[in-house]
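Hello,

Here is the structure I promised to pass on. Have a look at it first, and my notes follow below.

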Amino acid sequence: MDDKQNHPSNSGEMQSSTPVRDERAVFRKRVLKIGGAVTLVLVGLFTLPIPFGSLKVTGSDKVTVQDVMVAGDIHEPVNILQISTEKLKTRLSKDLRVEEAQISYQLPLTMVVNVVERKAVAVVPAQFGYLTLDSKGQVIASEPAIQDTSVPMISGVKAGNILLGDTVVDKPILAALEYLNSLDEETFKNIAEVNIGDPDAIMAYTVSGVQIRLGDGKDLAKKAELTQSMLQDIKKTHGNVQYIDVNVSSPYIKTDVMPEVKKHQNGAPTTENSSTKKDDKKQDR
């Protein structure tokens with residue numbers, strides 16, 4: 001009798017649990033379908049030639065989007081999900097116009113390639129023309145005649161048979177580059193030439209013809225700093241500057257002061273020539 005009474009209740013429990021299991025099965029199927037659809041979409045975006053996003057180049061008016069696509073082996077239609085950023089940066093670094101490439105993303109779907117251009121620092125004569133060097137001594141241009149007159153000339157030597165993309169190894173040339181790299185922008189624009197014919201008596205010349213005696217290739221960063229301050233000082237002088245000596249221990253400015261008019265005892269005017277020194281303790285050489 002008890003078994004009969006319990007039987008209907010067991011049947012009811014089984015019937016009520018069946019819809020729950022059905023709902024769970026339906027939910028799992030939906031999740032699997034959605035997951036499968038998302039997976040297919042992602043696989044398609046990462047593998048198929050489906051357009052997704054765009055490319056943008058900043059920091060340079062010489063390197064174009066087309067240049068970036070060629071360097072990164074990027075094909076139309078552009079899909080930024082399929083672009084290897086490390087591979088792209090490595091390939092762009094081999095472009096002589098590019099010092100560094102930085103990659104970021106911009107909403108909504110834009111890959112931004114910021115190009116830091118490789119800048120010319122000096123021009124040096126070679127066997128068959130003139131080489132333009134960057135800050136590290138790499139040849140970024142080779143021309144039969146000087147094309148870029150906005151950077152100083154390194155004179156007194158010839159670079160030899162160096163090809164485009166090579167890096168110079170001559171110590172005097174590297175010393176001149178170190179000096180130029182250490183100058184601020186304003187002073188750099190004021191330097192026209194660095195003569196390294198005698199590595200122990202390097203000479204620089206301003207665009208106005210002032211000679212700067214650098215001495216040997218030591219302490220060039222300090223000598224560049226002295227150059228900056230001393231060129232500012234000579235703007236305040238009232239005579240022609242013969243030269244400045246940026247010897248670290250006793251920097252020196254040699255000037256010809258304008259003749260000073262004096263009255264003689266009999267009233268007739270006379271003149272005297274004199275010179276001024278930045279450091280009075282150092283005797284005129």
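Which residues line the largest cavity? They are Val123, Tyr130, Thr132, Glu143, Ala145, Ile146, Gln147 and Asp148. A cavity here is a set of points, on a 1 Å grid over the protein atoms alone, where a 1.4 Å probe fits but cannot get out, and lining residues have an atom within 4 Å of a point.

Before you go further, please note that this is a predicted model, where local features need pLDDT of at least 70, side-chain atom pairs count only at pLDDT 80 or more, and totals for chains, interfaces and linings use all residues. Residues are numbered from 1 along each chain as its sequence is written, and side-chain values use heavy atoms, with hydrogens and water left out.

Searching the whole structure gives one cavity of 30 Å³ or more, and the volume of the largest cavity is about 40 Å³. Volume means the space filled by probe spheres set on the points, with grid points joined across faces, edges and corners. Four nonpolar, two polar and two charged residues make up its lining; Ala, Val, Leu, Ile, Met, Phe, Trp, Tyr, Cys and Pro count as nonpolar, Asp, Glu, Lys and Arg as charged, and the others, Gly among them, as polar.

Now to the largest pocket (an open set with protein on both sides within 12 Å along at least five of seven lines). This pocket holds about 280 Å³ of space, and its lining includes Lys119, Ser150, Leu180 and Phe188. Helix H4 (171-181) and helix H5 (185-189) are the elements that give two or more residues to that lining, and H5 gives the most, with three. Helices (H or I, at least four residues) and strands (E, at least two) are DSSP runs, numbered from the N terminus. By class, the pocket lining has six nonpolar, two polar and three charged residues.

There is also an open sheet of three strands in the order E1-E3-E2, with mixed pairing; strands pair if DSSP finds at least two bridges between them. Its edge strands are E1 (54-58) and E2 (98-106), each pairing on one side only. E1 pairs with E3 (residues 110-117) in the parallel sense over five bridges, and valine 57 stands opposite valine 113 in E3.

Finally, serine 208 sits in the loop between strand E9 (202-206) and strand E10 (211-215). Serine 208 and asparagine 190 are 18 residues apart in sequence and 8.1 Å apart in space, C-alpha to C-alpha.

Best wishes
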